[in-house]
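Student: Could we go through this model together, one question at a time?
Tutor: Gladly, let's take a look.

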Amino acid sequence: MYPFLKGHGTENDFVLLPDHDGTVHGELAAERVRALCDRRAGIGGDGVLRVIRTAAAGDAGRGQTVLDGGAEWFMDYRNSDGSVSEMCGNGVRVFGRHLAEQGLVDPAQPVPVATRAGLKVLTFAGGTTDGEITVDMGIPKVLGETEVAVGDRSWTALHVDMGNPHAVAFVDDLGDAGPLLEAPTHDPAAYPAGVNVEFVVRRGPQHVAMRVHERGSGETRSCGTGACAVMVTTALADGAARGTEYRIDLPGGTLRISWTADDRVLMTGPAVVVAEGTTDL
Ligand SMILES: N[C@@H](CCC[C@H](N)C(=O)O)C(=O)O
């Protein structure tokens, strides 16, 4: 038996696995991740967040204690199909919430978290464990136009890298992409390791709504990195001044995102831990 917790950020849900010194799960097999994320036979989740000290994370932590100025904790994120991703925007807020609730970090101070996409710094509203969390998601890379398709419908999309890959397509209606039971088709040359695809409609000034099909997890109720990619795409389309805040509605809730004058994307939203226990999965 080993400990787990369950949490979500705007209903993008995760199984958290405390493994502070890397002695509980070893390499963390893909089969175990799939079993934990199974919504009928397991705990259920869009992904797994292993909570491990950067010093214990080996190559996965990429020596970020040295490179990034001392993040004690590494977010080892896995998609529900067992695949590894570089980054999870909702996950990193849930990860920070857990660390704060357990007294492992001080929410009155900025909290650095190492990820495969580099260091992310979390700020807790009011300096307390229970408010919204803002994440400095770093500098987006805008990599040009591409195309995505579902069945016989296709859309021009913008390739935005938020540490992980995204294709953002404006659609007339969020229903246009259909039930999204299969991954949208995409250009494998642009996305050799797969892609997260966002479908977006406008709701008002600085206000959009989106759906997402996530690489490795299927359609989810929210994607933090995806919402950031959507914000960047919309701000570019609007010619918005840096610092303008956008409201991004997702099926599971709302995120507030801005793109600063020094080119960094800041994402603010909720995160909760809802259960904890032990499992032998
Ligand atoms: N839901 C996440 C993104 C998780 C990783 C993604 N599926 C990928 O493979 O890149 C988020 O909130 O950012």
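What follows is a set of questions and answers on this predicted model.

Student: Happy to start with the overall layout. How far apart do the C-alpha centres of domain 1 and domain 2 lie?
Tutor: The domain assignment of the chain gives domain 1 (2-137 + 270-279) and domain 2 (141-263). Contacts link the two, with 20 residues of domain 1 meeting 18 residues of domain 2. On the side of domain 1 that touches domain 2 there are five nonpolar, eleven polar and four charged residues. As for the C-alpha centres of domain 1 and domain 2, their separation is 23 Å.

Student: Good. What is the largest C-alpha distance between the residues that UniProt marks as "active site"?
Tutor: The unreviewed UniProt entry puts that feature at C88 and C223. They are spread over 136 residues of sequence, yet they cluster in space, with a largest C-alpha distance of 7.6 Å.

Student: Is C88 buried or exposed?
Tutor: C88 sits in the loop between β4 (73-79) and α3. Leaving aside neighbours within four places in sequence, its contacts are G47, Y77, G224 and T225. Because C88 has 32 C-beta neighbours inside 10 Å, it counts as buried.

Student: And C223, is that residue buried or exposed?
Tutor: C223 is in the loop between β13 (218-220) and α4. Beyond four places in sequence, C223 is in contact with N12, N90, N196, V212 and E214. With 36 C-beta neighbours inside 10 Å, C223 counts as buried.

Student: Let's turn to the helix that follows. Why is α4 described as largely enclosed by the rest of the structure?
Tutor: The buried residues of α4 include G224, T225, G226 and A227, and also V230, M231 and V232. α4 is largely enclosed because, of its 15 residues, the number buried is eleven.

Student: What distance separates the end C-alpha atoms of α4?
Tutor: At 1.5 Å a residue, the 15 residues of α4 should span 21 Å. The model agrees with that expectation, as the end C-alpha atoms are apart by 21 Å.

Student: Which residue just after α4 takes a positive phi?
Tutor: The phi in question is about 65°, and the residue is G239.

Student: UniProt also has a "binding site" annotation. How many C-beta neighbours does N79 have inside 10 Å?
Tutor: That annotation, from an unreviewed entry, includes N79 and T225. N79 is placed in strand β4, and its contacts beyond four places in sequence are G47, S85, R215, G216 and S217. N79 counts as buried, with a C-beta neighbour count inside 10 Å of 25.

Student: Last one: in which helix does T225 lie?
Tutor: T225 counts as buried, with 31 C-beta neighbours inside 10 Å. Not counting residues up to four places away in sequence, T225 touches M87, C88, G89, M162, G163, N164 and H166. The helix that holds T225 is α4.

Terms used
Residues numbered from 1 in each chain as written. Predicted model: local features only at pLDDT ≥ 70, side-chain atom pairs only at ≥ 80, totals over all residues. Domains from an automatic or database assignment. Contact = placed C-beta atoms within 7 Å. Nonpolar A, V, L, I, M, F, W, Y, C, P; charged D, E, K, R; others polar. Helix = DSSP H or I, 4+ residues; strand = E, 2+ residues; numbered from the N terminus. Expected span 1.5 Å × (residues − 1). Buried ≥ 20, exposed ≤ 12 C-beta atoms within 10 Å, placed from the backbone. UniProt positions renumbered as here; feature names shortened; annotations may be inferred.
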